[in-house]
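Reader: I would like to go through this model with you and ask, for each term you use, what it rests on. Please set the value against the cut-off before you conclude.

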Amino acid sequence: MNEEMQYKLQAWIDGELNSSDSAEVAEWVSKNPEAIQEAQWLRSLRSAMRSGESCPTVTESRETYWAPIERRIELLDEEAVLPANVSLWREWCRQWLVPAGGLAMLVAAFLTVGPDDGSVQLPGGRETRGSSIPAAALPAAMTETPSAPSESESEPRKLRITSVQINGDGVPQNPLPQDELRSAPSIENPDR
Amino acid sequence: MPPLNLKTATDDELVRSAQQGTTTAYEELVFRHRDKIYARAFSMLRNEDESLDLSQEAWIKGWQRLKQFKRDASFTTWMTRIVINLCLDYLRKKQRQQTDSLERMEEETGNVERRMPVVEVNPTARMEREELLVEISRGMSKLSYEHRTVLILHEYEGLEYKEIAKAMHCSIGTVMSRLFYARRRLASLLIALNKSKRG
């Protein structure tokens, strides 16, 4: 009996064949003594196995067996609560901190590239006038020298602005001389 | 709603209660069915400590997934599937750590099946039922985990070939081959045992 027929015979005994294949195998078995013998031992083993199973039992007491399960379940339940709190915090951050941070960045950007009339433009078109902006409050980019390929690396040029006094009309009180202003590197375009 | 009497409650009532987070109801379910879950783990792993650990792991997983249990099968059937899957994952990992034996390689190519002697006598003849069950269990422990598992899933769990193939991540052809080899090997072991006992 070849392998294919052995598998077919087994599938027939296991009830895995469709009706036409099943009928075909049944007819073949009835005419083949080797197949009959094969079918017999397969059936007897199958029936022996299905009659029951030798089952070992847990030797631990109820408490001993349950204790580690209970511990893990409690931990899982705690972990299930924890992410909920974390997500609330994340939601709060998204709702308030992210817009506030964005606003702060916008203000910083306006301070950096704001109009040259000495006024500081805030989002929404508002202007602050006559205010004094200490150098420490300015973004680092305003007090540091931008790298310019044409300039010497050993002697970086520094802006002389330490603070700008702006009067109520938006005119700086301690303006730099015009020629220095022209030669000063632009924040937007360091090559200027 | 009156409090549930854990001792007299049905499995279904305990499951409903556990699904609402009552651990005492779940503990009662564990107590009722721990032997069955442990036995299935043992039948697959053949090691007491590993079976104990994995059966407990199955109960933990059962708790985690309890809300997904839809009652389309009995609770024990559902739990048995969980422990079987855990055992299969465990055995696969364990197998990856071991070098493939010559027998395993031959088995995949069908050589072992071809070399197996033809079973000419009834392997279960003249054996008392209890003795037979013990010997079958002993014989099963001599099979590779793939052969043992395919027999367990088919004969004890009543799974069809395609369901076994899905659980074991293999083709139906491989299931048929493994099942045939496992049966033939088990039959040979039983016959040999029968012969040695009867002289």
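Reader: What percentage of the residues of chain A count as buried?

Author: This is a predicted model, and in it 9% of the 192 residues of chain A count as buried. For that label a residue needs 20 or more other C-beta atoms within 10 Å of its own.

Reader: What makes Arg71(B) exposed?

Author: Exposed is the word for a residue with 12 or fewer other C-beta atoms within 10 Å; Arg71(B) has 11, and therefore it is called exposed. Arg71(B) is found in the loop between helix 3 and helix 4 (75-97) of chain B, and its phi is near 65°, a positive value in a residue other than glycine.

Reader: Why is a positive phi worth a remark?

Author: Because most residues other than glycine have a negative phi. Arg46(B) is another case, with a phi near 60°, which is positive in a residue other than glycine. Arg46(B) sits in the loop between helix 2 (23-45) and helix 3 (48-64) of chain B.

Reader: Why is Arg46(B) called partly exposed?

Author: Partly exposed covers the counts between the limit for exposed, 12 or fewer, and the limit for buried, 20 or more. Arg46(B) has 16 C-beta neighbours inside 10 Å, and so it counts as partly exposed.

Reader: How many residues of chain A and of chain B are in contact with each other?

Author: Two residues are in contact if their C-beta atoms lie within 7 Å, and by that rule 33 residues of chain A are in contact with 37 residues of chain B. On the side of chain A that touches chain B, the elements giving two or more residues are helix 1 (3-13), helix 3 (33-50) and helix 4 (62-113) of chain A. Helix 3 of chain A gives the most, with ten residues. By class, this side of chain A has 16 nonpolar, nine polar and eight charged residues.

Reader: Which helices and strands does chain A have, and in what order do they run?

Author: Chain A has six helices and four strands, and from the N terminus on they run α-α-α-α-β-β-β-α-β-α.

Terms used:
Residues are numbered from 1 along each chain as its sequence is written. Chains are lettered from A and ligands numbered from 1 in the order in which they are written. This is a predicted model: local features need pLDDT of at least 70, side-chain atom pairs count only at pLDDT 80 or more; totals for chains, interfaces and linings use all residues. Ala, Val, Leu, Ile, Met, Phe, Trp, Tyr, Cys and Pro count as nonpolar, Asp, Glu, Lys and Arg as charged, and the others, Gly among them, as polar.
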